[in-house]
Amino acid sequence: MLADLILASYAPTAVRPPAPWCADLAAILAGPDLHAVFQPIVDFADARIVGYEGLIRGPSDSALHSPLNLFAAAEQCQQLLALERACRQVTLRRFAELRLQGALFLNISPQALLDPAFRPGETLGWMRAAGLSPEQVVIELTETRPVGDYALLREATAHYRDMGFRIALDDLGEGFSNLRLWSELRPDYVKLDKYFTQGIASDAAKQQFVRSIQAIAHATGAQVIAEGIETADDLACLNGLGLGLGQGYHLGRPLAQPARALDEGVTAALAAFSPCHAAHPWP
Ligand SMILES: [Ca+2]
Ligand SMILES: [Ca+2]
């Protein structure tokens, strides 16, 4: 029911959420109740964790624990940029405290990046205080709304790259126009939406999409990260198709204290390098 309410709140006719949500959100933004969790990103070739996506959770006793609710409330209470800012701060600090290996994949919306109030110096200051350098951070551009000004976004991402950050395009295949964003921004990574990875082991059409996306990635110098890998069969198939990187419950869950190495079973399966099962033909 709650999920229905949240989805309805995104409709153009949505009414404002109940006032307590805005009051709860304001309290969360003012206090220490946001928590970062980290999900491993794995290199298939050597079964190694090469980084972690930072994700956020609200207070555990609150309806705003789930990020879906939290961001829906922020959108409706017009606090989206304030919430993103708080998440960024918490995630950077916690990543440094945990001394996790590899890169931090940090979610930032194009709207936040282009907002006049967004101060890159502030983020860099938090990073410096935590002992992190831009080379350790991959900015995951997460489209929740259509991007208005591509030229401006291209300029902004170029600016961040000059500072040493890398850029990832999040949720490829799910957003508004992210093929164009891929072409315009030439990200270092594209994160393939879970729609294309889940069930791929028995789906010839999804396998063909992945081959084609791999070919574009190869031509544009990007690395593909398959998201949402939840089964051994899908992992084996993606590995067999030559994908290099992946993320998902089968490889590691998002946790406050995430795994620092892969399960032995997963490591052995990656080394076995089996091809996709015979798939149903593309109708
Ligand atoms: Ca993301
Ligand atoms: Ca994603």
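This is a predicted model: local features need pLDDT of at least 70, side-chain atom pairs count only at pLDDT 80 or more; totals for chains, interfaces and linings use all residues.
Visitor: How far apart in space are Ala-272 and Asn-239?
Guide: In sequence, 33 residues separate Ala-272 from Asn-239. From C-alpha to C-alpha, the distance between Ala-272 and Asn-239 is 9.6 Å.

Visitor: How does the radius of gyration of the chain stand against the globule rule?
Guide: The chain holds twelve helices and eight strands. For 283 residues the globule rule gives 19 Å, and the chain is close to that, so it is as compact as a globular protein of that length. Along the principal axes, the C-alpha trace spans about 55 × 45 × 40 Å. The radius of gyration of the chain is 19 Å.

Visitor: Among contacts between residues at least 6 apart in sequence, what percentage join residues at least 24 apart?
Guide: Of the 283 residues of the chain, 37% count as buried. As for contacts between residues at least 6 apart in sequence, the share that joins residues at least 24 apart is 68%.

Visitor: In what order do the strands of the closed barrel run?
Guide: The barrel is closed, has eight strands and shows mixed pairing. Strands of a sheet pair through backbone hydrogen bonds, either parallel or antiparallel. The antiparallel sense is found between β1 and β8, residues 245–246, which two bridges join, and there Asp-43 has Leu-245 as its bridge partner. The order of the strands in the barrel is β1-β2-β3-β4-β5-β6-β7-β8.

Visitor: How many bridges join strand β1 to strand β2?
Guide: Strand β1 covers residues 35–43 and strand β2 covers residues 48–57, and the two run antiparallel. Opposite Gln-39 stands Glu-53 of β2, and opposite Val-42 stands Ile-49 of β2. The number of bridges that join β1 to β2 is nine.

Visitor: Which residue in the hairpin of β1 and β2 takes a positive phi?
Guide: Four residues lie between the strands of this hairpin. A positive phi near 50° is taken there by Ala-47.

Visitor: What angle does the direction of helix α8 make with that of β5?
Guide: Strand β5, residues 166–172, and strand β6, residues 189–192, are parallel partners over three bridges, with Leu-172 standing opposite Leu-192 in β6. Helix α8, residues 178–185, packs on the sheet and touches both β5 and β6. Its direction makes an angle with that of β5 of about 165°.

Visitor: Where is Arg-186 found, and is it exposed or partly exposed?
Guide: Arg-186 has a positive phi, near 45°, although it is a residue other than glycine. The location of Arg-186 is the loop between α8 and β6. Because Arg-186 has 16 C-beta neighbours inside 10 Å, it counts as partly exposed.

Visitor: Which loop holds Arg-99, and is Arg-99 buried or exposed?
Guide: Arg-99 is not a glycine, yet its phi is positive, at about 50°. The loop in question lies between α4 (80–98) and β3. With 8 other C-beta atoms within 10 Å, Arg-99 is exposed.

Visitor: Why is helix α3 described as largely enclosed by the rest of the structure?
Guide: Helix α3 spans residues 67–76. Among its buried residues are Leu-70, Phe-71 and Gln-76, and just after the helix Gln-78 takes a positive phi of about 55°.

Visitor: How far apart are the end C-alpha atoms of helix α7?
Guide: Helix α7, residues 150–163, has 14 residues, which at 1.5 Å a residue should span 20 Å. Gly-164 follows α7 with a positive phi near 115°.

Visitor: Which residues touch the most other members of the largest nonpolar core?
Guide: This core has 65 residues. Leaving aside residues up to four places away in sequence, Val-224 touches Val-190, Leu-192 and Ile-213, among others. The residues that touch the most other members of the core are Ile-139 and Val-224.

Note on methods: Residues are numbered from 1 along each chain as its sequence is written. Chains are lettered from A and ligands numbered from 1 in the order in which they are written. A nonpolar core is a set of buried Ala, Val, Leu, Ile, Met, Phe, Trp, Tyr and Cys residues joined through C-beta atoms within 7 Å. A residue is buried if 20 or more other C-beta atoms lie within 10 Å of its own, exposed if 12 or fewer, and partly exposed in between; C-beta atoms are placed from the backbone. Two residues are in contact if their C-beta atoms, placed from the backbone, lie within 7 Å. Two strands pair if DSSP finds at least two bridges between them. The radius of gyration is taken over C-alpha atoms; the globule rule is 2.2 Å times the number of residues to the power 0.38. Axes are lines fitted to C-alpha atoms, for helices over the stretch in contact, and angles run from 0 to 180 degrees between N-to-C directions. The expected span of a helix is 1.5 Å times one less than its number of residues.
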